[in-house]
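Please look over the sequence and the model before reading on.

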Amino acid sequence: MFRVSELVSKESPVSSPAGTGEPQYVITAENLTKSYGEVTAVDGISFRVPAGEAFGLLGPNGAGKSTTMKMIGGVSQRTSGSLSIMGLDPEQHGPEVRAHLGVVPQQDNLDEELKVRDNLLVYGRYFGLPMSYLKPKADELLEFAQLTDKAKSKVDALSGGMKRRLTIARSLINEPRILLLDEPTTGLDPQARHILWDRLFRLKEQGVTLILTTHYMDEAEQLCDRLIVVDKGKIMAEGSPASLIRDYSTREVLELRFGSERNATVGTELEGIGERIETLPDRVLIYAHDGEAALEQVSARGLHPLTSLVRRSSLEDVFLRLTGRSLVD
Amino acid sequence: MSVLAGHHGSGNQAAGLSVADAARNRRFGPLYSRNVRAVVARGLMATKSSNWMVMVSGFFEPVLYLISMGVGLGAIVGAVQGPGGQEISYAAYIAPALLAVSAMNGAVYDSTWNVFFKMNFAKLYQGMLYTSLGPIDVAMGEIFLALLRGLMYATGFTAVMGVMGLITTPWAILMIPASVLIAFGFASFGMGITSFMKTFQQMDWINFVMLPMFLFSATFYPLSVYPQWIQWLIQAMPLWHGVELLRQISVGVFTPATAVHIGYYLVMIVLGVALTTGRLRRLFLK
């Protein structure tokens, strides 16, 4: 569908130490820092992203995710540290770096004065691409975004999901090597999210490097090969979704509800069961390798919760453990 | 830093950028990518679909002034003294002034209200600056669009003057490029000033400056009616230079003052473009 063949190498889809050696990094950040006056939004983070990876930045609001994205795009100047996008410093070479980036901002900024297809054409012109390339490309992308029959519609006539898909289609007009997605599915209904995920998967298959911020844990688990959890501008953890769950949580979680009166006091009576116990106002969580076994132990102690549920540990457990449960505003 | 389960298609070219990219990186580096025309093309395409009525009304405003004041008031006023001391009709006296006002209005509308909306509500520039475009491309493109509009107004208005028999010399055709010069001065400055505005209330200050400038810049009567210090004040303002410049051109009388008027706008353009690009850089590449 895309002419991205030059990006995709057929050999070695999986990194092997015995292979060609160091993978090619498209993004290298060292001690990246951004301060706005007194506030430090990004506080010395370092990461590297190899070509073709789906890399996630997870964190609560205000963690510094969007600021990091802006620095990668060269539209925000870092305070200190170094950053290299395909070997170039985006501050010095903004236009050249952005020529290889696709950007899906947190809020759609489609051109409301232009029709749907014209949005793609005009955006392509901003990259200096010729019309002879853009016309077929725009039609191809409309099909990819399932918007072919909306080509001549006005942008404000589109639904939220359609606008999001158009924004993603627009970000692909220059066949970017790196796609920056800042909370791509926030505000979308489940159907629209799944369609988007499917489109993003296809891009990944074609070798596009995806950089994604999100605070939806299921999205991160679905899409990301590897991610960093950021909080207050610092990296709290790094790894694949599976390895993060392994390192920061247990295999299973037992959720018990004793009623809001009892929950607070029952904690001491449960001590020793599982690896870790967390008491919340509405329920008690027991982190254990085997949830069923833990439940048996609870019963053996003569405790009878109103409801109990054994589930697999998720990235959400990791996230809450690392970034806390208090509300971030 | 370890790399787990990488799906990295090795991307042999990932590190190297094409020669064309490198060539683009000259003096203005991250600020300019020689693609003003893309911004202009976008503006024309958007005008085609939405801005028509605003554009047409902007053209008629000075025409209506010319008819009501020039023809109506002119019947009472009679002939007045032109720039070279010759007698001309009152309509012929105020017509070049109204042309300067229309160039100013067109440029200011495009570079202030329009830009304000695109900057703060449509988020148009944020989108543009995430592409290869730099702030200089965006600023020059928007200013060019304002000039194009100024050119259209000036051409139309000059034609109206011709139809009304107010053009007596072939020099008058030079009013058109001179109007574009005036529009350039106002557009480049207007966009820079707009970048400081955050609310609609602040935008009203622009009208607060424009209206008195329109009324008192020797538009409808000569500057000599004012006391000396008010004359100096008005001569410091840009519109007066535009009015005088076009009035001189309309009758083909040129003096050293002509060069001063033109010089005033050239300085305004240079300062305005510098201000605008500097502000865009601060706002969007911070």
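The sections below describe the two chains in turn.

## Basis of the report

The structure is a predicted model, in which local features need pLDDT of at least 70 and side-chain atom pairs count only at pLDDT 80 or more, while totals for chains, interfaces and linings use all residues. Residues are numbered from 1 along each chain as its sequence is written, and chains are lettered from A and ligands numbered from 1 in the order in which they are written.

## Chain A as a whole

Chain A contains 11 helices and 13 strands; helices (H or I, at least four residues) and strands (E, at least two) are DSSP runs, numbered from the N terminus. Its C-alpha atoms fill a box of roughly 75 × 45 × 45 Å along the principal axes.

Of the 329 residues in chain A, 48% are buried. A residue is buried if 20 or more other C-beta atoms lie within 10 Å of its own, exposed if 12 or fewer, and partly exposed in between, with C-beta atoms placed from the backbone. Among contacts in chain A between residues at least 6 apart in sequence, 70% join residues at least 24 apart; two residues are in contact if their C-beta atoms, placed from the backbone, lie within 7 Å.

## A four-stranded sheet in chain A

An open sheet in chain A is built from four strands in the order β11-β12-β10-β13, with antiparallel pairing. Two strands pair if DSSP finds at least two bridges between them. At the edges stand β11 (276–279) and β13 (307–312) of chain A, each of which pairs on one side only. Neighbouring strands of this sheet are turned by 20° against each other on average, direction ignored. Helix α10 (residues 291–300) of chain A packs on the sheet and touches β10 (252–257), β12 and β13 of chain A, its direction making about 35° with that of β10(A). Axes are lines fitted to C-alpha atoms, for helices over the stretch in contact, and angles run from 0 to 180 degrees between N-to-C directions.

β11(A) and β12(A) form a hairpin with four residues between them. Four bridges join β11(A) to β12 (residues 284–288) of chain A in the antiparallel sense. Within this pairing, A:Thr279 has A:Val284 as its bridge partner, and A:Glu278 stands opposite A:Leu285.

In helix α11 (residues 315–323) of chain A, the buried residues are A:Leu315, A:Asp317, A:Val318, A:Phe319 and A:Thr323. The elements that cover them include β3 (54–58), α7 (217–223), β8 (226–231), β9 (234–239), α8 (241–248) and β10 of chain A. Just after α11(A), A:Gly324 takes a positive phi of about 85°.

Most residues other than glycine have a negative phi. A:Asn31, which is not a glycine, has a positive phi of about 55°. A:Asn31 lies in strand β1 (residues 25–36) of chain A and counts as partly exposed because it has 14 C-beta neighbours inside 10 Å. For A:Glu175, phi is near 45°, again a positive value in a residue other than glycine. A:Glu175 is placed in the loop between α5 (160–171) and β6 (178–182) of chain A, and its 18 C-beta neighbours inside 10 Å make A:Glu175 partly exposed.

## Chain B as a whole

Chain B comprises 11 helices and two strands, following the pattern α-α-α-β-β-α-α-α-α-α-α-α-α along the sequence. Of its 286 residues, 45% are buried. Among contacts in chain B between residues at least 6 apart in sequence, 81% join residues at least 24 apart.

## A helix crossing in chain B

The axes of α6 (residues 135–163) and α11 (residues 256–284) of chain B come within 9 Å and cross at roughly 130°. The two helices, α6(B) and α11(B), are therefore oblique to each other: angles under 35 degrees count as roughly parallel, over 145 as roughly antiparallel, 65 to 115 as roughly perpendicular and the rest as oblique. B:Pro135, B:Ile136, B:Val138 and B:Ala139 in α6(B) meet residues of α11(B), including B:Val273, B:Leu280 and B:Phe284.

Also in helix α11 of chain B is B:Ile262, which is partly exposed, with 15 other C-beta atoms within 10 Å. Leaving aside residues up to four places away in sequence, B:Ile262 touches B:Leu181 and B:Leu245.
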